[in-house]
Amino acid sequence: MKKTKKILAVIISLIMIISAVPFCSYASDAQASWYSASDEKQGEGTFAQAVENVPAGGTVLIRQDISLSEAISVSKSFTIKSGSKGPFTISRASSYMGSLISISSGTVILTDITLTGGNKAECKALVTVGGGSLVLNSGAVLTSNDGASGGAVNLTGSTSSTAALSVNDGASITNCTSTLGGAVFAGQYSVVNINGGTISNNTTTSAAHLSGAIHADSQNARISIKGGTIENNTNTNSAAQAASVLYLGSTATAAITGGDITNNTGSCAVAYSKADSLTLGGYAYIYENKTSSGTESDVYLPVTTDSDGNNTVSTILYSPEFKSEAKVGIRTSKDLSGVVKFIGRGTSDTDISTVAGHIYYNNIDSAVFVSPSGKIFFEKTCVIKLDANGGNLPDGYSDTIVAVQGSSISNALKTDKNGSTGLPVPTKSNSKFVKWVDEDGNTVTSGTVCPSKSEMTLTAQWLDSGSGSASVFGKILETIGRIIKYVTEFLQNLFNGTGNDALKDIKTTG
């Protein structure tokens, strides 16, 4: 009897072990696990189950590649990231054309996970945000999608709920295509913050006023670019405002204070249509972007001409001050010449004089250079004040000029009436101009390299020629000297028969 009980106990144990096997198999096949904010495991199952059950502030841990046939809807804040054997990929099922994730509220953070559209044509964006936020952290990749409005992300908020995107260090949006923003469509009440990461190889091929990377043309869309790399994005349209990186419509605004925007191809890299909508400054680097024909074209600057023929360029605001690493090129809609108006910091008009394709302005800490093709560059500058020291500058010369630090001062000067360039030669009654000197007494010429300072003063030095009675006495001495000279010559030539000629000289010159 005891043996029978032992055998029965063994059998029951085996049955229990065998019956547990399917559960172990299910666990190993689970798409995801979910955890609380304190990293306590809550459960495992499909990706949809994980998103539904993860508590606010928790984490969905992806355990394998996932194919979706419908969008995962989100209305709370949590993180999605790959498990230890990742990074894993979330992609579309073969017949599915919609978004992979749809956010209506809350904040979804993606880390070490790839979302891909599989290069199928005319799908929706990989992620749609109708409210709340999408945050791309290190290892998050959005790639290979053809979206109707935004290849990777579509942001369309409302008056009650802003739609936001943040791209941080280590994240990337790449190889996406759309008719409205190859990478991102920023619609109404949306915010895009590019703090780091990479946005590259995205394309748009549609209408002129669109962008290969980020398109913002709806009510209250706001773009901030503080870091990261935006490169190799393309707009194949040939219209003047066909941007490769960022297009700002009449109701959108942007501030670019950092990041490298380079090697993009389009009619321009950044285009905007509304005055005061674009702010540049800080470490902004928008340079070496090209048109399809290879001409450099960075920020597009619209120029309008009034009935009197005066040119006015659209406003660009500057804040904060450009740092030494900053470099921004601008292509104007027409070649600038003569005097134009440029609004610095959006406060007041500033006269800009142009000579041989160069223009300069004084209200901000940069000078502007315009090539004959209408290209402008911003560089760190020094404001040079000219103190004539009692004299007068020639007509047409200002007592303040702006020179580029590290460059010859002559590059900042107008051409005078004789067509020559250089520091002006002032005039002063009864005095002869000698030279210009700086605050330390050093001689400064047109060829002097402008120092690395924001401001300096040059003072004119004079040699006094005399005035009043002293001047009359000088003339008397000069006349006596000439008489002695000619008398000497007369006596020397007397014996040669030429004395009469010398005497005539005295009468005619004395």
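Stop 1: Select Ile 483, which sits in helix α3, residues 468-494. Its relative accessibility is 40%, so Ile 483 counts as partly exposed.

**Stop 2: zoom out.** Of the 510 residues, 46% count as buried. The accessible surface comes to about 23700 Å², and 51% of that belongs to carbon and sulfur atoms. Among contacts between residues at least 6 apart in sequence, 70% join residues at least 24 apart.

**Stop 3: a strand with two partners.** Pick strand β6, residues 78-82, where four of the five residues are buried. On one pairing, β6 runs parallel with strand β3 (residues 59-62) over four bridges, and Val 60 stands opposite Ile 80. β6 also pairs in the parallel sense with strand β9 (residues 107-111), again over four bridges; there, look for Phe 78 opposite Val 108.

**Stop 4: the salt bridges.** How many salt bridges does the structure hold? Three. Begin with Lys 41 and Glu 44, whose side chains meet at 3.1 Å, N to O. Then select Arg 63, which meets Glu 44 in a salt bridge at 2.5 Å, N to O. Arg 63 lies in the loop between β3 and β4 while Glu 44 is in strand β2, so this pair ties together parts that are 19 residues apart in sequence.

Next, jump to Lys 385 and Glu 455, with their closest N and O atoms 3.4 Å apart. This pair links distant parts of the chain, strand β42 and strand β46, 70 residues apart.

**Stop 5: colour by confidence.** The mean pLDDT of the chain is 79, and 71% of its residues reach 70 or more. Select residues 414-420: pLDDT stays under 50 there, and the model has 10 contacts for them beyond four places in sequence. Residues 467-471 also stay under 50, with two such contacts. Where pLDDT is low, the predicted coordinates should not be read in detail.

Technical notes. Residues numbered from 1 in each chain as written. Predicted model: local features only at pLDDT ≥ 70, side-chain atom pairs only at ≥ 80, totals over all residues. Heavy atoms only, no water. Helix = DSSP H or I, 4+ residues; strand = E, 2+ residues; numbered from the N terminus. Buried < 20%, exposed > 50% of the residue type's maximum accessible area, 1.4 Å probe, protein only. Contact = heavy atoms within 4.5 Å. Areas by Shrake-Rupley, 256 points an atom, 1.4 Å probe, with all protein chains shown as cover. pLDDT = per-residue confidence, 0-100. Pairing = 2+ DSSP bridges. Salt bridge = Lys/Arg side-chain N within 4 Å of Asp/Glu carboxyl O.
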